[in-house]
Amino acid sequence: MRYIRRIVSITKQLELLFSPAPKEPRRQNAPKTQSDPTLHKQWCEIRRRFFPDHNDIDTYTVTWSTRAQKRVLASCNIHCRKILVAKELNTERLSKWIEPILYHEMCHAVIGHGVSLSPSGKRQWHGREFKKLEARHPDIPALDEWISAGGWAKAVRSHRSRQAWEKRRRA
């Protein structure tokens with residue numbers, strides 16, 4: 001009996017030692033991100049044209065990212081209902097790519113939690129259903145070509161050099 005109590009005690013200690021740290025609760029007073037008015041207006045117009053029955057996605061927050069991006073043009077968080085668009089795209093020269101990028105993220109919002117699973121159990125965010133939805137927008141092939149031809153990489157380099165120039169100018 002003494003041995004059993006000792007084993008139970010050791011087991012509890014090991015569980016405490018190796019259990020994951022509890023997640024910190026979200027700050028309730030954290031400032032809520034506001035949508036960029038221009039991006040949100042464009043988001044709603046795209047939704048009206050392509051997904052007239054999905055009024056619920058008008059409530060997504062659509063804003064420019066604050067972090068520098070290398071690979072991600074935009075992201076969709078279906079849990080927080082938030083779309084972040086890379087700030088490197090916030091130039092007049094690249095504005096023609098905003099609509100197909102927003103449409104791509106909108107496809108994620110429309111499919112939402114109904115994302116199919118692969119045989120290994122992973123979510124297929126860009127699976128067959130997604131590709132079918134995405135193909136409805138006429139500018140998606142041109143966007144894919146622009147990315148493949150190095151347009152996004154060039155935009156990132158251009159943005160970084162512009163920031164460096166502005167920093168030197170202010171100094």
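**Aspartate 36**

Helices (H or I, at least four residues) and strands (E, at least two) are DSSP runs numbered from the N terminus. I note that this is a predicted model, in which local features need pLDDT of at least 70 and side-chain atom pairs count only at pLDDT 80 or more, while totals for chains, interfaces and linings use all residues. Residues are numbered from 1 along each chain as its sequence is written, and side-chain values use heavy atoms, with hydrogens and water left out.

I then listed the contacts (heavy atoms within 4.5 Å) of aspartate 36. Leaving aside residues up to four places away in sequence, aspartate 36 touches Val62, Thr63 and Trp64. From C-alpha to C-alpha, aspartate 36 and valine 62 are 6.2 Å apart, although 26 residues separate them in sequence.

I also checked the side chain of aspartate 36 against backbone nitrogens. A polar atom of this side chain lies 3.2 Å from the backbone nitrogen of threonine 38 and 3.0 Å from that of leucine 39.

**Helices H2 and H3**

I next examined how H2 packs with helix H3 (residues 98-111): the angle is about 65° and the axes are 10 Å apart. Axes are lines fitted to C-alpha atoms, for helices over the stretch in contact, and angles run from 0 to 180 degrees between N-to-C directions. H2 and H3 are therefore roughly perpendicular to each other (the class for 65 to 115 degrees; under 35 is roughly parallel, over 145 roughly antiparallel and the rest oblique). I recorded the residues that make the contact, including Leu39, Trp43 and Phe50 of H2 and Leu102, Tyr103 and Met106 of H3.

**Aromatic pairs**

I found four aromatic pairs in the structure; rings of Phe, Tyr and Trp (its six-membered ring) pair if their centres lie within 6.5 Å, and planes under 30 degrees apart count as stacked, over 60 as edge-to-face and the rest as tilted. Phenylalanine 51 and tyrosine 103 are stacked, because their ring centres are 5.7 Å apart and their planes at 15°. The pair links the loop between H2 and strand S1 (61-64), which holds phenylalanine 51, to helix H3, which holds tyrosine 103, 52 residues apart.

Technical notes:
A polar contact is a pair of N or O atoms within 3.5 Å; within protein, one must be able to donate a hydrogen and the other to accept it, and residues adjacent in sequence count only if both atoms are side-chain atoms.
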